[in-house]
Amino acid sequence: MPAPGAFASVAVCANLICAPAPDRLIPTPVPVMISRMSDREILYANQMAGPLLGLSTEEVLGRKLTEFYQTPAEWKQLLERLVNEAAVDDYEMQMKKVDNTPLWVTVALRPLEFNDEESVLTALHDITERKQG
């Protein structure tokens, strides 16, 4: 696990992330999800995350983030890197939409505390066109 105090405490306000205080809004112009570290359950998804995965935002909630990984074991590698480095940036990987359509993304991860639970903030950037072109 990350070092004590490595988790930023955040709250979610509509489609913005409030961190660390509710009066400091951070707009999220990319697909963003927050998943619980222990079981990878998606606790929050912004309005851009659902459509990227072929679902509505509401349908993403409660699913396991690893359901969308082409190689679920890759989560362990990412988590290990997150623990050791406290951040993951520009990690290129293949995911999949709910209908198994391939989806190439670059991923950024940050540890955080969400609803009093150790969680992971995941931001995605769709690079599918670039990879297929």
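Predicted model: local features only at pLDDT ≥ 70, side-chain atom pairs only at ≥ 80, totals over all residues.
Of the 133 residues that make up the chain, 40% count as buried, where buried means under 20% relative accessible area, exposed means over 50%, and partly exposed lies in between, with a 1.4 Å probe and protein chains only. Residues are numbered from 1 along each chain as its sequence is written, and side-chain values use heavy atoms, with hydrogens and water left out.

The chain contains four helices and eight strands, helices (H or I, at least four residues) and strands (E, at least two) being DSSP runs numbered from the N terminus. Along the sequence these elements follow the pattern β-β-β-β-β-α-α-α-β-β-β-α. Among contacts (heavy atoms within 4.5 Å) between residues at least 6 apart in sequence, 42% join residues at least 24 apart. The chain exposes about 7,100 Å², of which carbon and sulfur atoms supply 51%; accessible areas come from the Shrake-Rupley method with a 1.4 Å probe, and for residues only the protein chains shown count as cover.

In soluble globular proteins, nonpolar side chains tend to be buried together. A nonpolar core is defined here as a set of buried Ala, Val, Leu, Ile, Met, Phe, Trp, Tyr and Cys residues joined through side-chain atoms within 4.5 Å. The largest such core has 26 residues, of which Met33, Met93 and Met95 touch the most other members. Two or more residues are given to this core by each of S5, helix H1 (49–52), helix H3 (74–85), S6, strand S7 (102–114) and S8. A second, separate core consists of five residues, including Ile34, Tyr44, Leu112 and Phe114. When neighbours within four places in sequence are left aside, Met95 is in contact with Phe68, Tyr69, Gln70, Thr101, Pro102, Leu103, Val105 and Leu124.

Thr122, which lies in strand S8 (residues 117–126), is buried, with a relative accessible area of 2%. Beyond its neighbours within four places in sequence, Thr122 is in contact with Pro31, Val32, Met33, Leu65, Val107, Ala108 and Leu109.

Arg40 is placed in the loop between strand S4 (32–36) and strand S5 (42–45) and is partly exposed, with a relative accessible area of 25%. Asp90, by contrast, is found in strand S6 (residues 88–96) and counts as exposed at 68% relative accessibility.
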